[in-house]
2 protein chains.
Amino acid sequence: MKDVVAGSTGASGLLGQIDELFGDDLVRVEQIFAEELKSWHPFVNDVLGHMTRFRGKRLRPILLLLSAKACGAVTHDHLVLSAVVEMIHTATLVHDDVLDDAEIRRHVATINSRWNNETSVLLGDYLFTHAFHLASGLESTLACRLIGHSTNLVCEGELAQIHERGNQDLTEAQYLEIIEGKTAELCAVCCQLGAHFADAGEATTAAMREYGRCLGIAFQIADDLLDVLGNEGETGKSLGSDLKKQKLTLPLIRLLDQSSPEDATEIRRLLADPTEPNRDKLQKFVAGSDAIEYAFAQANEFAQTARQQLAELPDSVSKRLLEEITEFATQRSW
Amino acid sequence: MKDVVAGSTGASGLLGQIDELFGDDLVRVEQIFAEELKSWHPFVNDVLGHMTRFRGKRLRPILLLLSAKACGAVTHDHLVLSAVVEMIHTATLVHDDVLDDAEIRRHVATINSRWNNETSVLLGDYLFTHAFHLASGLESTLACRLIGHSTNLVCEGELAQIHERGNQDLTEAQYLEIIEGKTAELCAVCCQLGAHFADAGEATTAAMREYGRCLGIAFQIADDLLDVLGNEGETGKSLGSDLKKQKLTLPLIRLLDQSSPEDATEIRRLLADPTEPNRDKLQKFVAGSDAIEYAFAQANEFAQTARQQLAELPDSVSKRLLEEITEFATQRSW
């Protein structure tokens, strides 16, 4: 089990190499991000300032820049687009924290707990509109169109997830459909944009998009595993929230699928009433099953499919780093 | 007082004329709107279907189309942009209903009361991203850029409004700054887009933008007046919600400004604790003051400034209708 949640030294090493390769570019992305998000209103600036404290490892900008460099060269458009996708991702995080009633994110108070839900809703909107405004500064409408299409699918995936909350009969296929929208789509478009704006051909751009998609699915399965396994100190997030919100994720879908009818009845009863003692009982069912191993294996399989998409790329440091990301995809929360 | 809330026959007559002029165009706008908002997920379609039941008089598409026709001719781009601005407006309504805990809108259950806040937050996001996706189907990035800029200001105005909730010292200038963002900006960009995409010159486009801005301010002051004066049956909205949410609007700012220190102290006490009996007491202070007349006069002044912007346009049915809208702007909630 240790492999699933630990192993962050390897991932940190990887992030160090990425920083070395893109240090200046990532600083420039941050500047573009900050320049776009300036307000005449002191309160809005306060909220924006607080928000920067819980932003993460910039995975999406990194995927975009690595894809660009692996296919050609990083241009100014790539830097702008990196800021755009980071802004969209941050908007979804801010709204997710409202939906999940989350109090902390990356060890920092969420906007809804520091201020209120209203501020979170409006800040998320503010980030969405600024992202599109920034993207519309590019010469062609293509980026707006691709990012618009992806965010449409992200929202649809999230709406589907809300609807399926409490559905104990959610299938693995339905689960994958949801995470493909809410998580994988944005990773896919990052890699697609990186490749396209580096003048990659159609086949390469499609392969990079598929790399991002499969990697995003692997990440989300790993993230859902962490919610079942992890502890708050390690990830800096409120945990067990999927259970509390009655969101069925892959380990539990597998657990129900593999249990005897009697056990399944009991598991469904516990899921329907996710008090702390009941969650502890559920953990025992999980521990006595192959649920974790199965979900972990599925995540690894998607990560390997992602890796295979890179086969035709010429050798480069960026290609190697994209490959390495697939190795660490299932090892930690990004 | 009757003039403020009644007189809707005149406005209905006006809407009839607009319908006659743009009937086919508005049907096409509706088709574009509906085509963009189709989902693979039955739940998302259910929510979208419900949403169409509380959509309003299409004021923003009407302003865009009238501006286009007054400056030249209505093109396909105008129809697409009309659907875009209507989608953005609907997104803000859906999120407003979460912020205001509103239960009904235009006599129909809000999304948050029919489903839940989560669905409202995500549906609003879905509408925002689809609006930008639709706008990016145009040839140039200009529309995305202008609409992006406007929606940035809309969100900023709404954030400022949330921050100032409960601030009994809000000034008229601060109030105007807020409504300029949250309401007037989208009306301004509608008229700007209408003119620009009809090949109007820079001066005309700027005048049309200013028309929309002043008209939007007049509308919002009238809407805020209705919240103080109106009744639910007439407007189909939850009323008195500004008071409940401790949002200071123009009549109350004026009331405080013109009251004796003793009365002001009592009014502040009532505002801070907006129970029903206290709201009734407030109404008596309002009725004994010039607060309503003052706010009404301010709205009229903005409407007249809007009208003046049209002076240089050649005579046409569209110009006359744009002028007439300014006459009705302060008479009803749009």
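**Loops, core and helix pairs**

Q: Where does A:His107 lie?
A: A:His107 is in the loop between β1 (104-105) and β2 (108-109) of chain A. Strands (E, at least two residues) and helices (H or I, at least four) are DSSP runs, numbered from the N terminus.

Q: What kind of model is this?
A: This is a predicted model: local features need pLDDT of at least 70, side-chain atom pairs count only at pLDDT 80 or more, and totals for chains, interfaces and linings use all residues. Residues are numbered from 1 along each chain as its sequence is written, chains are lettered from A and ligands numbered from 1 in the order in which they are written, and side-chain values use heavy atoms, leaving out hydrogens and water.

Q: OK, back to A:His107. What is its phi?
A: Near 65°, which is positive, and A:His107 is not a glycine. Most residues other than glycine have a negative phi.

Q: Is A:His107 buried or exposed?
A: A:His107 counts as exposed, at 57% relative accessibility. The cut-offs: buried is under 20% relative accessible area, exposed is over 50%, and partly exposed is in between (1.4 Å probe, protein chains only).

Q: And B:Arg58, what is its phi?
A: About 55°, again positive in a residue that is not a glycine. B:Arg58 lies in the loop between α3 (42-52) and α4 (59-71) of chain B. B:Arg58 is partly exposed, with a relative accessible area of 21%.

Q: New loop. Where is A:Thr249 found?
A: In the loop between α12 (241-244) and α13 (250-258) of chain A. A:Thr249 is buried, at 4% relative accessible area.

Q: What is A:Thr249 in contact with?
A: With A:Tyr175, A:Asp224, A:Val228 and A:Asp242, leaving aside neighbours within four places in sequence. Contact means heavy atoms within 4.5 Å.

Q: Core next. Which residues touch the most other members of the largest nonpolar core?
A: A:Ile221 and B:Ile221, out of 225 residues in that core. A nonpolar core is a set of buried Ala, Val, Leu, Ile, Met, Phe, Trp, Tyr and Cys residues joined through side-chain atoms within 4.5 Å.

Q: What does B:Ile221 touch?
A: Not counting residues up to four places away in sequence, B:Ile221 touches B:Tyr175, B:Leu176, B:Ile179, B:Leu250, B:Ala295, B:Gln298, B:Ala299 and B:Phe302.

Q: Now helices. At what angle do α5 and α7 of chain A pack?
A: About 160°, with their axes 8 Å apart; α5 is residues 76-99 and α7 is residues 117-135. That makes α5(A) roughly antiparallel to α7(A). Axes are lines fitted to C-alpha atoms, for helices over the stretch in contact, and angles run from 0 to 180 degrees between N-to-C directions. Angles over 145 degrees count as roughly antiparallel, under 35 as roughly parallel, 65 to 115 as roughly perpendicular and the rest as oblique.

Q: What about α10(A) and α16(A)?
A: Their axes come within 7 Å and cross at roughly 160°. α10(A) and α16(A) are therefore roughly antiparallel to each other. The contact is made by residues including A:Ile221 of α10(A) and A:Phe302 of α16(A). By class, it holds 16 nonpolar, two polar and one charged residues. Ala, Val, Leu, Ile, Met, Phe, Trp, Tyr, Cys and Pro count as nonpolar, Asp, Glu, Lys and Arg as charged, and the others, Gly among them, as polar.

Q: And α16(A) with α17(A), at what angle do they pack?
A: About 170°, with their axes 8 Å apart. The residues of that contact divide into two nonpolar, two polar and three charged.
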